Amino acid sequence: GYWRKANAIHAWFVRETQDGRDECQESDVSRGQLAELLGLCEAILAATGDDQKRLAETTLPPKAGFFFGSTAINQYYFDDLADTVKLLKHVLTCKRLEGWDLSYRASW
């Protein structure tokens with residue numbers, strides 16, 4: 001998969017798979033962790049109004065940083081979540097990927 005400027009998704013990987021260390025290192029990711037991220041994205045996208053923004057801010061907050069893009073919770077943020085849902089559903093259901101080791105690495 002590929003994310004560009006999806007800083008909230010990157011921040012989740014740093015917190016959940018890299019022990020808070022953000023040094024472009026490769027990190028192992030379990031299917032359970034990807035299912036958790038999928039659930040967070042789906043929950044935010046399913047929420048509405050103030051509840052949606054509050055859920056986004058507390059579960060997948062944007063992360064500021066050099067090359068990280070906007071930290072606004074706006075249509076681009078929600079598009080990143082929708083793209084993440086599509087990608088993770090594919091990864092988690094694709095029979096050809098069963099048994100594969102999965103990892104995440106940022107590059108900038």
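Predicted model: local features only at pLDDT ≥ 70, side-chain atom pairs only at ≥ 80, totals over all residues.
**Reading salt bridges, rings and pockets**

Colleague: What do the side chains of aspartate 51 and arginine 54 form?

Modeller: The general idea is that side chains of opposite charge can pair when their charged atoms come close. In this case the side chains of aspartate 51 and arginine 54 meet in a salt bridge, at 2.8 Å from N to O.

Colleague: How many salt bridges does the structure hold, and which parts does the pair of glutamate 26 and arginine 105 tie together?

Modeller: There are 5 salt bridges in the structure. One of them joins glutamate 26 to arginine 105, with the closest N and O atoms 3.4 Å apart. Because glutamate 26 lies in the loop between helix 1 and strand 1 (27-29), and arginine 105 in the segment after strand 2, this pair ties together parts that are 79 residues apart in sequence. Glutamate 26 is partly exposed at 47% relative accessibility, while arginine 105, with a relative accessible area of 52%, is exposed.

Colleague: With which residue does lysine 95 meet in a salt bridge?

Modeller: The partner of lysine 95 is glutamate 98, and the N to O distance is 3.4 Å. Here lysine 95 counts as exposed at 64% relative accessibility, and glutamate 98 as partly exposed at 48%.

Colleague: Turning to the rings, how many aromatic pairs are counted, and which residues do ring pairs link into a cluster?

Modeller: In general, a pair of aromatic rings is described by the distance of the centres and the angle of the planes. The count for this structure comes to 5 aromatic pairs, and ring pairs link Trp3, Trp12, Phe13 and Tyr104 into a cluster.

Colleague: And for pockets, what is the volume of the largest pocket, and which residues are closest to its centre?

Modeller: The idea is that rolling a probe the size of a water molecule over the atoms shows where empty space is left. The largest pocket has a volume of about 610 Å³. Its lining consists of 24 residues, of which Gly1, Tyr2, Trp3, Tyr104 and Arg105 are the closest to the centre. Helix 1 (7-17), helix 4 (75-93) and strand 2 (102-104) each supply at least two residues of that lining, and the largest share, 4 residues, comes from helix 1. By class, the lining of the largest pocket divides into 16 nonpolar, 5 polar and 3 charged residues.

Colleague: Which residues line the second largest pocket, and which element gives the largest share of its lining?

Modeller: The second largest pocket holds about 160 Å³ of space. Among the residues that line it are Arg4, Lys5, Pro62, Ser70, Tyr76, Tyr77 and Asp80. Helix 1 and helix 4 are the elements that give two or more residues to this lining, and helix 4 provides the largest share, 3 residues. Sorted by class, the lining of the second largest pocket has 6 nonpolar, 3 polar and 3 charged residues.

Methods. Residues numbered from 1 in each chain as written. Heavy atoms only, no water. 1 Å grid on protein atoms, 1.4 Å probe; cavity = no way out; pocket = protein on both sides within 12 Å on 5 of 7 lines; lining within 4 Å. Points joined across faces, edges and corners; volume = space filled by probe spheres on them. Nonpolar A, V, L, I, M, F, W, Y, C, P; charged D, E, K, R; others polar. Phe/Tyr/Trp six-rings, centres within 6.5 Å; stacked < 30°, edge-to-face > 60°. Salt bridge = Lys/Arg side-chain N within 4 Å of Asp/Glu carboxyl O. Buried < 20%, exposed > 50% of the residue type's maximum accessible area, 1.4 Å probe, protein only.
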